[in-house]
Amino acid sequence: MRHRVLLLAATAVLWCAQGPTKLKPGFNLFSKEQDVRLGREAAAEIARQVHVIQHRELDGYLDGLGRRLAAQPQAGGFPYSFLLVHDKTVNAFALPGGPTFVHTALVLSADNEAELTGVMAHEIAHVALRHGTNQASKANLIALPALLAAAAVGGDSLLGQLTQIGIGVGANSVLLRYSRNAERDADLLGAQIMAGAGYDPVAMARFFQKLEGEGKRGGWQFFSDHPKPGNRVKAVEREIGNLPRRAYDADTRQFPQMKNLVRQLGDPPPPKPARK
């Protein structure tokens, strides 16, 4: 019996000593600089299509949360930005290179700051792992190399050139549609980012679980382009077991006030007409 206890203890020590799951970007024809360039061009286009909130307190709050998360080494050092979009669909998305958009309906659906930062950390993880341009690279092995080589020396819009071969920023863009494996990896890296920033990573997994349970009622856009990778709570709990122990004490206590400010914005305006 004593030997069995020692064996179990040794196994537990070995498991804890494994450390965080090591994740890195996959195959990619784009350079990191092209990720950033593409993301900036795409963000400018999206900002013309959606209703971006311009509110000093809300903008400052979201930016503060985002910067704390983006400061973690797992975020990859990209020039992240964070914008709040007045929209009734529960969604958030990040473009290559770091531009991140959070819908007001997502803020209203969260119960606390940790849940909100969980979604943001998950999106940051997609950027850090370069999932968007990885997907585009795999889908366009023939046309992309010559296009990217020409873009590296030319001054034309990278997004404009990519649009010609079917890579845009619309609802079905390959840049924003991820595989289940990509979702799993974004959960794990997002958990590492959250923990480093002082937030309990389980909040991310439980919030996603809540959205999955309520999504059938409509208006829950998040999972149309973020497929469920499996039991998120168990996967994140396992990852937490690999992370250094620390206190999750980053909550600013501002979330209830910010959520109330979002409520005061009222119903979102009608969608902007499509550009011709």
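How many nonpolar, polar and charged residues are in the lining of the second largest cavity? Keep that for the second stop.

**Set-up.** This is a predicted model, where local features need pLDDT of at least 70, side-chain atom pairs count only at pLDDT 80 or more, and totals for chains, interfaces and linings use all residues. Numbering runs from 1 along each chain as its sequence is written, and side-chain values use heavy atoms, with hydrogens and water left out.

The structure holds two cavities of 30 Å³ or more. A cavity is a set of points, on a 1 Å grid over the protein atoms alone, where a 1.4 Å probe fits but cannot get out; lining residues have an atom within 4 Å of a point. Points are joined across faces, edges and corners, and a volume is the space filled by probe spheres set on them.

**Stop one: the largest cavity.** Select L58, Y61, L62, L84, V107, L116, M258 and V262. They line a volume of about 50 Å³. Now show α3 (56–70) and α12 (255–264), which each supply at least two lining residues. Helices are DSSP runs (H or I, at least four residues), numbered from the N terminus. α3 gives the most, with three residues. Colour by class: eight are nonpolar, none polar, none charged. Ala, Val, Leu, Ile, Met, Phe, Trp, Tyr, Cys and Pro count as nonpolar, Asp, Glu, Lys and Arg as charged, and the others, Gly among them, as polar.

**Stop two: the second largest cavity.** Select A94, L95, P96, H126, V127, H131, G132, L175 and Y178. Two or more of these lining residues come from each of α5 (113–128) and α6 (131–139). The space is about 40 Å³. Its lining has six nonpolar, three polar and no charged residues.

Note on methods. On a 1 Å grid over the protein atoms alone, a cavity is a set of points where a 1.4 Å probe fits but cannot get out, and a pocket is an open set with protein on both sides within 12 Å along at least five of seven lines; lining residues have an atom within 4 Å of a point.
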